[in-house]
Amino acid sequence: MSTRKTISRLATIGGLCTAVALTATACGAGGPASSGSAASSVNVLVEAGGHAELAGVAEACKKDTGLDVNFVELPYDGLFNRLSSEFSSGTVSFDVAALDSVWLPSFKDAVQPIDELFTDEAKKDIFPALVKEANVDGHFIGMPAWTNAEIILYRKDLFEDATNKADFKAKYGYELAAPTTWKQYQDISEFFTKDGMYGTDVKGAVETEWLAHVLQAGSPMVLDDQNNVVVDNAAHKEALDFYTSLVKSAPSGAAQVDWAAAQNLFNQGKTAMTRFWAHAYRQIPADAAVYGKVGAAPMIGGSAGVAGVPGPWYLSVPKATKNADAAKKFIKCAYDHNDLGIESKLGLAARISAFEKYQDKPGYESFGPLIETLNGTATATRPATAKWQQIVDTVLVPTLQKAVAGGDSASLLAEAKTKIQALVK
């Protein structure tokens, strides 16, 4: 499952069809404005949860430029199908499309370069991994609108408890604090696994954490720059072996634990730590057992340094639109007012300065760790292949599920390599 799809479900925001913003449009209705010297409106196709990130931008853009913005919202799968259909037909009903990062390789030939928006100043304010991902075949084809990454969330009340601190130091010989090494993470997970509680979770139903460990171990994830399958190399095995080692400190049934299950476990007070998307810090319900008791720390690094797997979305302009100037004007507005996305329910942005603007404000304590993780030396986006989601669904997740259930990592990765090679050949 893609990052954005997961986040959208967790955030439970947006709707299937909403007439939005500054000019109303029926769901699925509308088309590009007729060509002219100064189009006054732009149609933006978005995933339902993503509209909230752009609503404030639309209002600011209206004030700045007079441009009316019509949003057409679709659920995740419906959005992909709509994009595929209209791009294939050569006739589009939208001027700007919000694209999940994993879709860029699939739609790269249907969207036009927006190189002029990627000034030197702009690139300095966008996380390096996103700048790299937005450049496909030598041209920038999408401006990041929002991004995310996993960080460490932990129970401050448990970590600050005097008895826990004394007992932990007596057993492990150092102070109990937010972990900065994976050995500390293992020790803390082991320590808190008692009396019906667990130190951490293990998410066998999602691949992202394992792949973050792969990056931390110094390898590209699954495919190298030449599209060679490297899923069976030493770094992938090391990462998989470490990930499965945490099963003993996690709730049973790890093979079926996904994002939603892990979030529920943590919010209910069943786990002392979780590696989770940073946006979740601000979405802990007031009636949750852990409300007001949670701390945030950056993702931990390995031999290659800190690494996370970002979850960005990009704004792109279809080649078929007759309203390209207005479309680029809106995308520039989205960059200029990127911090407005933080005021939405999901609360994300893409510019470094947008996160920095809020990081010292109460309630945004997750932003410092998020910035550090996204700026990590080994942080990288997912491989640029149109087959990525198929690789995830049919190979990576099943492989991980078998591994956390006790399967032999070397043989599982060898089998995964054969299957992936067949998909990408």
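User: Why is Glu-190 called partly exposed?

Analyst: In this predicted model, Glu-190 has 36% relative accessibility. Buried means under 20% relative accessible area, exposed over 50%, and partly exposed in between (1.4 Å probe, protein chains only); Glu-190 therefore counts as partly exposed. The residue belongs to helix α9 (residues 182-192), where helices are DSSP runs of H or I with at least four residues, strands are E runs of at least two, and both are numbered from the N terminus.

User: What makes Lys-171, Tyr-172 and Ser-249 contacts of Glu-190?

Analyst: Contact means heavy atoms within 4.5 Å. Leaving aside neighbours within four places in sequence, Lys-171, Tyr-172 and Ser-249 are in contact with Glu-190. As for Thr-200, 10 residues apart from Glu-190 along the chain, the two C-alpha atoms are separated by 8.6 Å.

User: On what basis does the model rest, and which atoms and residue numbers are used?

Analyst: The model is predicted, and local features need pLDDT of at least 70, side-chain atom pairs count only at pLDDT 80 or more, while totals for chains, interfaces and linings use all residues. Residues are numbered from 1 along each chain as its sequence is written, and side-chain values use heavy atoms, with hydrogens and water left out.

User: Why are Asp-137 and Asp-195 called exposed?

Analyst: Asp-137 has a relative accessible area of 60% and is therefore exposed. For Asp-195 the relative accessibility is 78%, so this residue also counts as exposed. Asp-137 is found in the loop between β4 (135-136) and β5 (139-140), and Asp-195 in the loop between α9 and α10. Phi is positive at Asp-137, about 55°, although the residue is not a glycine; Asp-195, likewise other than glycine, has a phi near 55°.

User: How do you know that Cys-61 and Cys-333 form a disulfide?

Analyst: A disulfide is a pair of cysteine sulfur atoms within 2.5 Å, and the S to S distance of Cys-61 and Cys-333 is 2.4 Å. The pair ties together parts that are 272 residues apart in sequence, because Cys-61 lies in helix α2 and Cys-333 in helix α13 (residues 324-336). With 65° about the S-S bond, the link is right-handed. Both Cys-61 and Cys-333 are buried, and a search of the whole structure finds 1 disulfide.

User: What makes β1 and β2 a pair of strands?

Analyst: Two strands pair if DSSP finds at least two bridges between them. Strand β1 (residues 41-47) is joined to β2 (residues 68-74) by 7 bridges, and the two run parallel. One of the bridge partners is Glu-73, for Val-46. By the same criterion β1 pairs with β3 (residues 96-100), through 2 bridges, again parallel. Of the 7 residues of β1, 6 are buried.

User: Where is helix α16 kinked, and what does the bend refer to?

Analyst: The bend at a residue is the angle between axes fitted to the seven residues ending there and the seven starting there. In α16 (residues 388-404) a kink of about 30° lies at Leu-396, shortly before Pro-398. Leu-396 is in contact with residues including Trp-210, Val-222 and Ile-420.

User: What makes a set of residues a nonpolar core?

Analyst: Such a core is a set of buried Ala, Val, Leu, Ile, Met, Phe, Trp, Tyr and Cys residues joined through side-chain atoms within 4.5 Å. The largest has 142 residues, and Leu-396 is among those with the most contacts inside it. Helix α16 supplies the largest share of this core, 9 residues.
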